[in-house]
Every structure is written in C-alpha cells, then in structure tokens.
Amino acid sequence: MPRGLFITLEGLDGSGKTTQLQRLAAWMQKRGMDPVITRQPGGTATGDRIRALLLDAGSTPIAPMAELALMFADRAQAIQEVIEPALAAGKTVVCDRFTDSTEAYQGGGRQLGSEVVTQMHTLICGELKPDLTLLLLPSLEASLARARRRNDRTTQETGTNESRFEQEKKDFYKRVWQKYREIAEREPERVILIEGNLTIDEAHEQIIEAVSERMMALRAKS
Ligand code: TMP
C-alpha cells in the first residue's frame with residue numbers, strides 16, 4: 001500500500017488558514033477522498049490538554065524552552081496516534097500547523113533560533129516531513145486585525161480566552177512572519193507561498209492548484 005500524502009497548512013493567526021483547511025477538506029471529500037484532518041497543538045485527547053495549557057491567556061508563565069518542548073510533546077502524541085497510522089494506511093493527512101509553526105513562533109518569534117527546532121524535529125519526528133506545505137501569508141497588518149476580531153468573538157461566545165499568543169507584541173509577529181518567509185525561500189519545492197491579501201476564493205484556487213499538481217506528481221511516480 002503506497003503511503004498517503006502529508007499536507008500541512010501554515011500561517012499567522014488570522015491568516016485565514018482554518019477557513020482554507022475546511023474548503024480544502026470539502027474539495028477532497030467531493031472527489032471521493034477521505035482525508036484525515038487534524039491540527040496542532042491538539043488533535044488527540046492528550047494534545048487537547050496540552051493545547052489548553054499552552055493557549056490559556058490566564059495561565060501561569062511558560063518559559064520559551066518549556067513552550068517548545070510542549071509543542072513537540074503534542075506533536076509526538078499526534079504522530080503516534082493519528083498521523084503515522086493514517087499515512088501508513090494510504091490516507092491523505094491534512095494538518096493545521098506542524099513543525100514550521102514551531103520554527104516560526106518559537107524559533108523566530110521567541111528567538112530560540114531555527115537550529116534547536118530542527119534538532120528537536122529530528123529527535124521527535126525522525127524523517128517525517130510534509131510532502132506539501134501551504135503557507136498563507138497575507139500582510140502582517142491584515143492578519144493581526146483578523147486574529148484580534150476572531151479572538152474577541154470567541155471570548156464573547158464561549159467565555160474562554162485563547163489569546164495568549166495573540167497578545168504578543170507586534171515585533172513578535174513580525175519575527176514570526178519573517179521566519180515563515182525564510183522557510184518558504186529555503187524550501188520552495190515543499191512550501192507553496194500564498195501571498196498578498198487575496199479573497200477566500202482566490203486563495204482556495206491557488207491551494208487546489210498546488211494540491212492537484214502534487215497529487216498528479218505522486219500518481220506518476222507510483
Ligand atoms: P491556532 O491553532 O488557532 O492556529 O493557534 C495555535 C497557536 O499556537 C498559534 O498562535 C500558533 C501557536 N503555535 C506555536 O507557537 N508553535 C507551534 O509549534 C504550533 C503548532 C502552534
């Protein structure tokens with residue numbers, strides 16, 4: 001049985017990533033595919049608990065290295081419980097964030113650097129890498145405004161506040177944004193950059209084009 005395709009979606013908070021993931025999943029399901037959709041942090045029972053700890057705006061301070069370790073603890077659980085079994089069964093896995101997020105947020109934003117993230121990745125994830133990464137990178141200003149609006153809505157509706165990351169200073173997000181660009185430039189084969197302030201439909205079109213191309217290439221190889 002050929003391994004499934006591992007696709008990740010990346011971007012700043014408020015980049016429209018979650019909407020695009022839902023549109024992509026619907027597009028795949030319409031074509032008879034049965035993708036496994038997951039997210040990080042979260043996506044497993046243990047991961048959801050790690051997520052709550054990481055994103056709770058009222059929680060006690062978390063040291064940058066502890067944050068990094070928790071992101072990888074969540075990832076280790078997801079790989080064993082969800083990602084590897086699905087890929088081994090030939091299923092396409094679509095994951096909302098993966099190690100690029102850690103490199104951008106902890107490596108760039110928290111200034112831990114790329115090296116430590118790469119080392120942790122090798123230790124925890126081994127050879128596992130996305131076959132295709134869709135990086136949504138609208139302007140920094142547009143992303144931040146959207147993330148703020150979304151968080152205010154969630155707080156009003158559910159009473160929970162997941163804004164710990166979104167409360168970070170603008171400089172932090174600038175570093176995250178720049179690190180994402182650096183990753184895209186370093187790995188143009190894997191990372192498809194979806195730039196600019198596109199409409200939802202325009203970004204969806206670019207995503208579909210990239211995914212279709214990658215699927216055809218995979219089919220031609222097998
Ligand atoms: P999201 O799932 O709503 O995109 O939010 C998850 C938050 O966690 C987001 O602010 C990015 C952050 N994050 C990291 O800082 N490092 C990581 O490795 C991952 C997966 C997420």
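**Exercise 1: A charge over rings**

R75 is placed over the face of F72, 4.8 Å from the ring centre. The criterion is that NZ of Lys or CZ of Arg lies within 6 Å of the ring centre and within 35 degrees of the ring normal. The model is predicted, so local features need pLDDT of at least 70 and side-chain atom pairs count only at pLDDT 80 or more, while totals for chains, interfaces and linings use all residues. Residues are numbered from 1 along each chain as its sequence is written, and side-chain values use heavy atoms, with hydrogens and water left out.

Task: State the distance of R75 from the ring centre of F98.

Solution: R75 lies over the face of F98, at 5.3 Å from the ring centre.

**Exercise 2: Aromatic pairs**

Task: Determine how many aromatic pairs there are, and describe the pair of Y105 and Y180.

Solution, step 1. Rings of Phe, Tyr and Trp (its six-membered ring) pair if their centres lie within 6.5 Å; planes under 30 degrees apart are stacked, over 60 edge-to-face, and the rest tilted. The count by this rule is 5 aromatic pairs.

Step 1. Y105 and Y180 are edge-to-face, with 6.4 Å between centres and 85° between planes.

Step 2. This pair links distant parts of the chain, 75 residues apart: Y105 belongs to helix α4 (residues 99-109) and Y180 to helix α7 (residues 170-186). Helices are DSSP runs (H or I, at least four residues), numbered from the N terminus.

**Exercise 3: Burial**

Task: Are Y105 and Y180 buried or exposed?

Solution, step 1. Buried means under 20% relative accessible area and exposed over 50%, with partly exposed in between (1.4 Å probe, protein chains only).

Step 1. Y105 has a relative accessible area of 6%, so Y105 is buried. Y180, at 1%, is buried.

Note on methods: Helix = DSSP H or I, 4+ residues; strand = E, 2+ residues; numbered from the N terminus.
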